[in-house]
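Let's take a friendly walk through one protein model. Please have the sequence and the 3D view ready.

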Amino acid sequence: MHANNANTPHLILCAREPIRVIRMHLRICITLASLLTFPYSYTMISFDIHARLPNGRGRAGTITTPHGKIETPAFIPVATKATIKALTPEMLRDYVGAHATLANTYHLYLQPGTEVLKKAGGLHQFMNWSGPTYTDSGGFQAFSLGAAYGKNVSKLANVKEGVTIDTDEDASVRLAHVDDDGVTFKSIIDGSTHRFTPETSIDIQHAIGADMIFAFDECISPQESYERQKAAVERTHVWAKRCLEHHEKIKSQKSNLKSANSHPEVPALLGIVQGGRHEDLRKLSAKVIGGMDFEGFGIGGSFDKDDIGTAVGWVCDELPEGKPRHLLGIGDPIDLILGIENGIDTFDCVAPTRIARNGGAYIRTGLSAQAGRINLLNAQFIQDFTPLDPECECYTCKNYTRAYIAHLFRAKEMLAATLTSIHNLYFVVNLVKKARQAIIDGDYEGFKKKYLVK
Ligand SMILES: [Zn+2]
């Protein structure tokens with residue numbers, strides 16, 4: 001649009017010149033227009049809100065990306081190493097009904113590396129997934145697989161049983177070190193030393209080539225002191241600004257290489273709100289990050305398992321209305337329901353497939369407690385010829401029994417993980433789809449009553 005407007009008068013002036021000269025002038029005009037309009041104002045994604053909950057927070061909408069639409073609220077399955085574990089992309093699309101995937105920057109940077117991804121033509125081509133994609137920034141993994149390597153770290157904290165990370169413990173056992181400029185960490189593959197800064201995270205994510213990427217943030221243990229949490233929030237804000245500046249620089253460089261009629265292949269950058277379980281830090285972070293020119297927002301860090309909805313509400317009240325909000329790494333069915341009603345549009349989590357590989361299958365009743373799943377390794381399922389969840393309509397539940405899948409687990413057959421992962425992903429993806437429909441139909445309370453049976 002801007003290039004056409006800028007070129008129109010010049011083309012009239014050039015009307016009597018030879019074609020070759022006109023073309024040359026056109027190229028100059030396009031380049032000048034590119035420079036004059038920097039930074040580019042177009043967006044790589046758009047977000048439309050179709051319906052809202054009466055509380056004013058929850059909403060149903062659509063995120064439109066260059067690789068298709070995501071109808072929100074939506075659960076985004078995690079393709080950590082450019083694969084949904086045990087599933088083909090066709091299974092994810094046709095059996096699960098997922099709209100998008102989220103891959104992991106830390107893991108793809110270490111293996112196979114950005115050169116392979118670039119030569120493959122980017123993440124979509126490499127993994128044969130044609131739908132929308134996200135990559136996370138790599139910060140959480142550099143932290144959790146570095147500083148906390150070998151420890152039991154969770155995003156849902158219980159302060160009584162947590163661990164302390166990145167403190168003054170023996171540096172020889174620490175595998176990651178954070179400073180004002182970035183994170184130095186050791187590879188979990190070969191122990192080699194690497195460094196992520198806000199700029200390198202953005203560079204790597206551009207090279208991977210997802211539709212939506214995240215700013216690099218500092219993740220620390222929820223057991224750290226308030227002062228340390230506050231310092232991490234402030235550092236995350238400085239890094240967010242650096243990510244935005246570097247992202248704009250790459251966009252500009254890519255734009256100048258393209259012709260006026262083609263859309264530069266640049267991802268949308270989403271900022272990340274931190275602040276742990278502290279109301280003042282969460283609100284401060286949401287206000288600062290929400291005031292920056294991101295195209296959407298992620299909410300990272302740890303939450304109190306008993307009060308995740310409240311913390312999400314603090315943040316969403318401060319964020320701009322018209323941009324999508326993603327809750328990072330949260331996927332328990334009950335947390336999805338609480339997140340949606342407090343303003344979250346998209347979620348990702350490895351839990352459905354991880355639980356599936358360990359013999360766990362979600363069931364509809366009792367989502368408010370651990371009772372919302374069964375363990376197929378228990379003896380009671382050896383001769384149970386009913387589906388994993390009698391009310392589920394997924395491929396696995398339509399075609400296989402608990403007894404068969406329990407047998408596959410006991411026989412250590414790979415199909416066990418595939419069938420159970422299809423069910424668990426279908427379960428959460430469709431739970432969120434039903435929540436979306438309930439928002440549109442104006443019956444979210446009815447939906448909650450049905451799915452929160454004690
Ligand atoms: Zn099922």
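This report looks at one strand and its partners, then at a helix, and then at some backbone details.

## A predicted model

Please keep in mind that this is a predicted model.

Start by finding strand β16, which covers residues 346–349. Its side chains point in two directions: T346 and D348 go one way, while F347 and C349 go the other way. All four of these residues are buried.

Which strands pair with β16? One is β4 (residues 74–79), which runs parallel to β16 and is joined to it by four bridges. The other pairing to look for is with β15 (residues 325–327), again in the parallel sense, over two bridges. F347 is a handy landmark here: F75 has F347 as its bridge partner, and L327 also stands opposite F347.

## The helix between β15 and β16

Now follow the chain through β15, helix α12 (residues 333–341) and β16, which together form a right-handed β-α-β unit.

Is α12 mostly enclosed or mostly open? Eight of its nine residues are buried, so the rest of the structure largely encloses this helix. The buried residues include P333, L336, I337, L338 and I340, and D335, G339 and E341 are also on the list. After α12 comes G343, with a positive phi near 110°.

## Two cis peptide bonds

T72 and P73 are joined by a cis peptide bond with omega about 0°.

You can find P112 in the loop between α4 (105–110) and α5 (114–120).

A82 belongs to the loop between β4 and α3 (89–96). Is A82 buried or exposed? A82 has 23 C-beta neighbours inside 10 Å, and the cut-off for buried is 20 or more, so A82 counts as buried.

K412 is another non-glycine residue with a positive phi, about 55°. Look for K412 in the loop between α15 (402–410) and α16 (415–441). Here the count is 7 other C-beta atoms within 10 Å, and the cut-off for exposed is 12 or fewer, so K412 is exposed.

Terms used
Residues are numbered from 1 along each chain as its sequence is written. This is a predicted model: local features need pLDDT of at least 70, side-chain atom pairs count only at pLDDT 80 or more; totals for chains, interfaces and linings use all residues. Two strands pair if DSSP finds at least two bridges between them. A crossover is right-handed if, with the strands pointing away from the viewer, the path from the first strand over the helix to the second runs clockwise.
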